[in-house]
Amino acid sequence: MQPWPGQAYPMGASYDGAGTNFALFSEVAHRIELCLFDDEGSETRVRLPEVDGHVWHGYLPNVGPGQHYGYRVYGRHEPRAGLRCNPAKLLIDPYAKAVATPAGGHTVDWDESLFSYRFAAPRRRNDDDSAAHVPKSVVVSPFFDWTDDRHPRTPYHETVIYEAHVRGLTIAHPKIPEELRGTYAGLAHPVMIDHLTRLGVTAVELMPVHQAVTEHQLAQRGLTNYWGYNTIAFLAPHSGYAITGTTGSRAHDVVSQFKSMVRELHAAGIEVILDVVYNHTAEGNHLGPTLSLRGIDNAAYYRLVDDDPRYYMDYTGTGNSLNVRDPHTLQLIMDSLRYWVTDMHVDGFRFDLASTLAREFYDVDRLSTFFDLVQQDPIISQVKLIAEPWDVGPGGYQVGNFPPLWTEWNGMYRDTVRDFWRGEPGTLGEFGSRLTGSSDLYQDDGRRPHASINFVTAHDGFTLTDLVSYNEKHNEANGEGNADGADDNRSWNCGVEGATDDPEVRALRARQRRNMLATLFLSQGTPMLLHGDELGRSQQGNNNVYCQDDELSWVDWTDVDEDLISFTAAVAVFRHEHPVFRRRRFFAGRPIRRGDELRDIAWFTPAGEEMNDQDWEAASARSLTVFLNGDAIPDRDPRGQWVTDDSFLLCFNTHHEGIGMRLPGNGYGRQWTVVIDTDTGESPGAPAEAPRRYDGDETLDVTARSVVVLQRTGDTS
């Protein structure tokens, strides 16, 4: 087979309708072979004929979608010098847009040939051919009928995010056809879209859907990297979430399935945000397999230890870190991001361990090259950018320190809300900051309240039900002696560890779940809900189900709390209908417009007196009332008119006893009506038969550990 010269750009395999151009970067190679595989696994090797700027390339006429391929890179193999080329190892294209894997999609078979050394003698070089054991890259067609698909472009202040796992959310849903469960098509099924829209969800944040690999040590224990934070191909949708039968010769169809999912979600007004893992790859540390980047150009793609390049810098806890100091690594990341937006139509990204991307040298630098590239990029700068603002390296906790374009998972919000509702002393002041959008973290650099992605639970940690049911983690099923997972969960089991039939404990747990859901949706910022929390999902106290692809981690749709779903949906709709809970600007603590008498926000003690510094600092203080002025919202609508809303009182009581809370008078409101009560489950979607109304200056009895929200229904006199 005689290749044509082809082009050095774009990278990867690019089909044009008549043939395919192949391009691969390697500065250390002195020869690269493109390896083509037929359906029987027979291999044909073609030497790439041209190299320009360290990009090797060639064009093959009549090679099209469905063609399986890989690369063999010839170059120096000197691990002590950071060089790990070995043509005996078939390599996955870093720019592969699809990857063919065995059924299940997550794994390789971990044959010894995948490694550059002998298991019995790690200093001996291993030249066994790995082709039979490496997932194959696949040529895909760029053509797809998007019809009239458009990005919903929901403003952040109107956004409700739902963190979900493609497989775990849908695999056990009885109303989804069996062949679609656990797939992209299952997530886009009308029954799932109806559930999401009922909850007021405007964006699904999908846990990793880049092609992933299960780690060797997990495979040896018969487990799977269920979460998928172990990427091997940054442009390929994970084949394990495809409809059965598309992981082999039809693996290129996975791309169409992903696109169809996006199109259906967009039609329902739901954005698609991807959780992306650009901080490390599945090749692990110096003892890991040679699957892709390690054998292509190890020193360019990975951060090596400066004085001993045999080893990898590990800011991620996974064995390696991508080298964001190298322009070709940065190009791979940026090309991947642009591809997912332009070709796959996704609407944003959540960056796992994002602080790692800022480590050009040692310290985290928020003005690193990666963030400069994102800032000036006309495509990436216009989508939602969410940072997980920490990694495991020194100085890695960077909540509040990302550039202005970025929003952040607000770990301080999570911790504070958990502490507040479990009754930790001295949390009132911190709670006030988190409830109002965390201006202490985001206002100084010009960001808005929506920069705070507020969450109480996420995939990593307890579910909401487990948060109120367990004091300790119970991760025995992971096979690591319960040593994995976080020990600091800030949880409270309400008096009994785990499941119980005690009616008082069950009632308290139900109230605590409603408390935290109400707090989440009434806080300024962007709320994020973990899949299944709205229906009472439990992981039996396991706070680290990363390796549990089974009933422990899946959403059980046969055992749902319908009352909790209704309450969650009601408070989400309530937030959407009332802009005072989703302001675009921070509170000023003063009148907003000329002639206003009331401030935009006011804080009161249970006695109805405005709070002072002593009240905020009192360690025993566990209740307060917040006044939100709907006439003092400093935002304009798209037509330039001032946004106005009703005014509300939010009464929070985290005491173990009920308390009488005097409602403010003095012009704040003549009459108030209860619209939410987490004790009774009362919500705008299920109002009480006889609405409870109170006059200003009247005392409201607030049950122990509950929230009551009142809406002003009379004038301010």
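**Overall form and side-chain contacts of the predicted model**

The accessible surface of the protein comes to about 26800 Å², and carbon and sulfur atoms account for 46% of that area. The model is predicted. Buried residues make up 61% of the 717 residues. The fold contains 15 helices and 29 strands. Its radius of gyration is 27 Å, close to the 27 Å given by the globule rule for 717 residues, so the protein is as compact as a globular protein of that length. The C-alpha trace spans about 85 × 55 × 55 Å along its principal axes. Contacts between residues at least 6 apart in sequence were also examined; of these, 72% join residues at least 24 apart.

Charged pairs were considered next. A search of the whole structure finds 39 salt bridges. One of them joins Arg 72 to Glu 43, with the closest N and O atoms 3.0 Å apart. Arg 72 belongs to strand S7 (residues 68-75) and Glu 43 to strand S4 (residues 43-47), so this pair ties together parts that are 29 residues apart in sequence. Arg 72 is buried, at a relative accessible area of 0%. Glu 43 is partly exposed, at 29%. Both residues belong to a network of salt bridges that also includes Arg 31, Glu 33, Arg 45 and Asp 129.

Arg 490 is partly exposed, with a relative accessible area of 24%. Asp 419 is buried, at 10%. In a further salt bridge, Arg 434 meets Asp 440, and the closest N and O atoms are 2.9 Å apart. Here Arg 434 is buried, at 1% relative accessibility. Asp 440 is partly exposed, at 44%.

Tyr 184 is in helix H2 (residues 184-187) and Phe 258 in helix H5 (residues 253-267), so the pair links distant parts of the chain, 74 residues apart. Tyr 184 and Phe 258 are both buried. Phe 627 and Trp 672 also pair edge-to-face, at 6.4 Å centre to centre and 90° between the planes. Phe 627 lies in strand S23 (residues 623-628) and Trp 672 in strand S26 (residues 671-677), so this contact ties together parts that are 45 residues apart in sequence. Phe 627 and Trp 672 are both buried.

Ring pairs also build a cluster. Its members are Phe 234, Tyr 278, Phe 349, Phe 351, Phe 370, Phe 371, Phe 402 and Trp 406. Elsewhere, a charge sits over a Trp ring: the charged end of Arg 350 is 3.9 Å from the ring centre of Trp 409.

Methods:
Residues numbered from 1 in each chain as written. Predicted model: local features only at pLDDT ≥ 70, side-chain atom pairs only at ≥ 80, totals over all residues. Heavy atoms only, no water. Salt bridge = Lys/Arg side-chain N within 4 Å of Asp/Glu carboxyl O. Helix = DSSP H or I, 4+ residues; strand = E, 2+ residues; numbered from the N terminus. Buried < 20%, exposed > 50% of the residue type's maximum accessible area, 1.4 Å probe, protein only. Phe/Tyr/Trp six-rings, centres within 6.5 Å; stacked < 30°, edge-to-face > 60°. Lys NZ or Arg CZ within 6 Å of the ring centre and 35° of its normal. Rg over C-alpha atoms; globule rule 2.2 N^0.38 Å. Contact = heavy atoms within 4.5 Å. Areas by Shrake-Rupley, 256 points an atom, 1.4 Å probe, with all protein chains shown as cover.
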